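Welcome, and thank you for taking a look at this one. Please open the sequence and the 3D view side by side, and let us walk through them together.

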Amino acid sequence: MMMTDLLIDAVRRAPRPKYLALLLMQIQQAIAYPAGTLIDMLASLLSIATVYYLWRAVFAAQPQIEGFDWRAMQAYILVSNAIFALLGATSTRAMMNSIRMGAIATDLLRPYSYIGAQFAQVLGRAATLGAFSSAATVLIGFVLVGMPAPPTLAAAGLFLLSVGLSFLISFLLNFLLALLCFWTKDSEGLLWAHGVITFIFSGGMAPLHFLPYWLQSVAFALPFQGMIHTPLLIYLGAAREPELWAALLLQALWVLILCVLVHLLWARALRAADLPGG
Amino acid sequence: MRLRHHLRIYLRLQLLHLRVALEYPANFWIASVAMLIGEITTIAFMWVLFSHVPQIAGWRFWEALFLYALIALQTALGGFLCSGFWNIPHYIRSGQLDQVLVRPLAPLLQMATLHLDLRNIGRLGISIAILGQAILKLQPAWGIWQLAFFVETLLGSTLLLNSLFFLPRCLAFWTLSDTNNIADWLWNVIDFAKYPLSAYTRPIQFVLTWLIPLAFISYYPAAVLLGKPLAQPWLGYLAPLAGPVVALIALAVWRRGLRRYQSSGH
């Protein structure tokens, strides 16, 4: 009797339904405005095209750069942008605004873990807006550009695992960033600075090995490398056995470190919270 | 006489926005720095590109930066001069344009001064700095004709860029849609104009020359001023004229739109 009561209670407490509901809500929202989504996607395809032609001109003059040939670079440009599309569907701005305006107070009263709810929402957006844009980019890569696929099926699998870890790193970094709003009260400046730092140090701007040496050493000491550099290393089959596991392990380690940081900062943020009432 | 009168009113209205913006100095500076960071990313990208090859599609690093600074300068100026145009679709759809039409001042002037995007100051600063630095590095042998061409290009480009972004907003007279989708999308096309046109395929070159003529702001004038070979040199020499031509088209569309305008019937 006691056992079944406990079990029923456990099921009732299980987080699945309410987080799933949040996730589905985001999906509904994304689907409600297809025109905006389409325009965003066309815009991102334009910027991919600029970068693509510039690198093509570079590789026409210099067929081999740091172990990359033009075919590998084609895959790098398209796949890195596909990953960015997936990571870009964040709710950081909304979270920052709710901290600045004080609306977060109501969210904190709700019967769910705030971090869990945020994650469910970001996942929902990534599964619609992100996945759509991402799939379109990859499709263009394979059909129009003829970019190479991962060398083996195992590499493809590990690549997907690495993208998963990349997604976690991106989410945690964005969450940390939004928490800074408790102290700075400004969101725009933080978002822009974060965007640029991510773009350069993740490998989104160019493969990290293309950067000058001093900048590389900075990049390899930071978590951003796990967002683009590591998955692409695996996709291109550039990492050999031991190196490959080390790269994945490093990604996982950063997820762990960021989790701890979020935990610590979250507790401090709530103490520092000085929210406008209303 | 009338021109001076209009200029004076324009300046007074814009100064008003300046005073409003300076009421919130922190916001102003943060946003300015943010825009500056955006430009720095582009420069960093070019720097990495050129660290592996001496030239891209026939252009060296500082030549490419000169080209980039020309378009960056115009996008910054656009924010200062007439970012109020952003409101056009909304004013048409909601019928707010009525207010503008009954006032004794040219509607176009009123729309231009509805808003002032001061955040562009960071972008303006860095584009002028890079333009100056590029000229110092390249030491182009400019005579009086080249200097005149340079000044004409800057003026013509201002007309060109602002007219290009003005045109899709005027479509609201016909579509009655209050979004800026097309203009926002066009904003992304500017990315192409930041780099030498010779790096792109023929269709893209064609689009940027004849359909969305952004190449007349950066690529063609830079090629003429830096003595770069052009497939059709006359396109380069005509660059300062592209602005006035598109501006006249834009003005004609605006006039037709105004005649068509029927308000929202409130």
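## A right-handed crossing in chain A

In this predicted model, helices α8(A) and α9(A) cross in a right-handed way. A crossing is called right-handed if the near helix is turned clockwise from the far one by less than a right angle, and left-handed if anticlockwise. The contact brings together A:Leu173, A:Asn174, A:Leu177, A:Leu180, A:Cys181 and A:Thr184 from α8(A) with A:Leu190, A:Leu191 and A:His194 from α9(A); contact means heavy atoms within 4.5 Å. By class, these residues are 6 nonpolar, 3 polar and no charged. Here Ala, Val, Leu, Ile, Met, Phe, Trp, Tyr, Cys and Pro count as nonpolar, Asp, Glu, Lys and Arg as charged, and the others, Gly among them, as polar.

To find the pair, look for residues 153-184 (α8) and residues 188-201 (α9) of chain A, which pack at an angle of about 150° with axes 10 Å apart. The axes are lines fitted to C-alpha atoms, for helices over the stretch in contact, and angles run from 0 to 180 degrees between N-to-C directions. The two helices are therefore roughly antiparallel. That word covers angles over 145 degrees, while under 35 is roughly parallel, 65 to 115 roughly perpendicular and the rest oblique.

## How the model is described

Residues are numbered from 1 along each chain as its sequence is written, and chains are lettered from A and ligands numbered from 1 in the order in which they are written. Local features need pLDDT of at least 70 and side-chain atom pairs count only at pLDDT 80 or more, while totals for chains, interfaces and linings use all residues; side-chain values use heavy atoms, with hydrogens and water left out.

## Chain A as a whole

Chain A holds 12 helices and 0 strands; both kinds of element are DSSP runs numbered from the N terminus, with helices being H or I of at least four residues and strands E of at least two. Its C-alpha trace spans about 70 × 50 × 40 Å along the principal axes.

Of the 278 residues in chain A, 46% are buried. Buried means under 20% relative accessible area, exposed means over 50%, and partly exposed is in between (1.4 Å probe, protein chains only). Among contacts in chain A with a separation of 6 or more, 79% join residues 24 or more positions apart.

Start with A:Leu78, which is in helix α4 (residues 70-87). A:Leu78 counts as buried because its relative accessibility is 4%. Setting aside residues up to four places away in sequence, A:Leu78 touches A:Ile48, A:Thr137, A:Gly141, A:Val145 and A:Met147. Its C-alpha atom is 9.4 Å from that of A:Phe142, a residue 64 positions away along the chain.

Then try A:Glu66, in the loop between α3 (34-61) and α4 of chain A. A:Glu66 is exposed, with a relative accessible area of 52%. Its phi is near 45°, a positive value in a residue other than glycine.

## Chain B as a whole

Chain B has 14 helices and 2 strands. Its radius of gyration is 20 Å, close to the 18 Å from the globule rule for 266 residues, so chain B is as compact as a globular protein of that length. Along the principal axes, its C-alpha atoms fill a box of roughly 65 × 45 × 40 Å. Buried residues are 50% of the 266 in chain B.

Helices α8 (residues 144-170) and α10 (residues 181-193) of chain B pack at an angle of about 150°, with axes 8 Å apart. They are therefore roughly antiparallel. In their contact, B:Leu161, B:Leu164, B:Phe165, B:Pro168 and B:Arg169 of α8(B) meet B:Ile182, B:Ala183, B:Leu186, B:Trp187 and B:Ile190 of α10(B). The classes are 9 nonpolar, no polar and 1 charged.

B:Thr113 sits in the loop between α6 (107-112) and α7 (121-138) of chain B, and counts as buried at 6% relative accessibility. B:Ala57, in the loop between β1 (55-56) and β2 (59-60) of chain B, is partly exposed, with a relative accessible area of 29%.

Terms used:
Rg over C-alpha atoms; globule rule 2.2 N^0.38 Å.
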